Amino acid sequence: MKQNILKGEKVYLRELIWDDAPIIYEFMQEYDLVKYLAELPRPYSIEHAYSFIDFALMESEEMKTTHFAIVDKGTDKFVGAIGLKDINFEEKTVETGYWVGKKYWGNGFVTDAILVLMNFCLKELKLEKIKAIVFESNESSIRVLKKCDFKYVGLSNKRYCNSLLNEPLLEFVYESVSREKEVYERF
C-alpha cells in the first residue's frame, strides 16, 4: 500500500525510510522505552533497525501490517513509530502499537499520532474496531488511550516473547460501530 503523509496538529505520519534507522537504533537502547515493547531483539543492533524498516516496507505493500514514522511537525525530526497489524477488512478490525523516543515523552506526540491513525483507519481503511494492548505498568500509554476514547475491555490473552516485563497485558478497544457521522465529526 502506498502511504500518503497523514497530518495531525503536532505530528505527521509518513513511510519509514532508511535514514530513520540510526535514530531507531538510538531509541532502542533506552531501557525505559524498550521495556514496554512487546517484540524486540536483544541486544538491538543497527542491523535490526534496517531489517525493521525493510520488513515494514514489505508488509505495507502486502497490506498485512503497516508502519509509519512519527515526525514532529515543528522540527521535522523523527520521534517514533506507530503501526497497524492484523488488519482484517472483513471483520473491520485492526490492532495498533506505537512508541516514541524518551526525550520526546510528554509532548502530546503519541496522542496526536493515535488520533491521526484512528482517522486513517476509520475514514480511509473503513475499519470499525481498533485494538491496543499495553503492559499493566505503562500508565502513560493507558492515559493516552483513554484520552483517545479507547475503552478498557480486560486482560489480553496475548503473550510476547521478548518483553523485559513479566506482567499482565491490558486490552483497550476503540469501536465506531457504524456511527459514521459521529465518528467523522470527531476528526
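Helices here are DSSP runs of H or I with at least four residues, strands are E runs of at least two, and both are numbered from the N terminus. What you have open is a predicted model, where local features need pLDDT of at least 70, side-chain atom pairs count only at pLDDT 80 or more, and totals for chains, interfaces and linings use all residues. Residues are numbered from 1 along each chain as its sequence is written, and side-chain values use heavy atoms, with hydrogens and water left out.

**Stop one: α4.** Select 109-124. Its 16 residues should span 22 Å at 1.5 Å a residue, the expected span being 1.5 Å times one less than the number of residues. The end C-alpha atoms of α4 sit 21 Å apart, which agrees. Now colour by accessibility: 12 of the 16 residues are buried (under 20% relative accessible area; exposed is over 50%, partly exposed in between, with a 1.4 Å probe and protein chains only). Among them are Phe109, Asp112, Met118 and Cys121.

**Stop two: the cysteines.** Stay on Cys121, whose relative accessible area is 0%, then pick Cys148, buried as well at 0%.

Just after α4, click Lys126, which takes a positive phi of about 60 degrees. Most residues other than glycine have a negative phi. Next, go to the loop between β3 (66-72) and β4, where you'll find Asp76; its phi is positive too, about 65 degrees. Then jump to Asp149 in the loop between α5 and β7 (151-155). Asp149 has a positive phi of about 70 degrees and is partly exposed, at 34% relative accessible area.

**Last stop: the largest pocket.** A pocket is an open set of points on a 1 Å grid over the protein atoms alone, where a 1.4 Å probe fits and protein lies on both sides within 12 Å along at least five of seven lines; lining residues have an atom within 4 Å of a point. The largest one holds about 1400 Å³, counted as the space filled by probe spheres set on points joined across faces, edges and corners. Centre your view on Tyr36, Leu37, Gly97, Tyr98 and Trp99, which lie nearest its centre among 49 lining residues. Then show α3 (46-62), β4 (78-88), β5 (93-100), α4, β6 (129-135) and α5 (139-147), each giving the lining at least two residues. Coloured by class, the lining shows 28 nonpolar, 15 polar and six charged residues (Ala, Val, Leu, Ile, Met, Phe, Trp, Tyr, Cys and Pro are nonpolar, Asp, Glu, Lys and Arg charged, and the others, Gly among them, polar).
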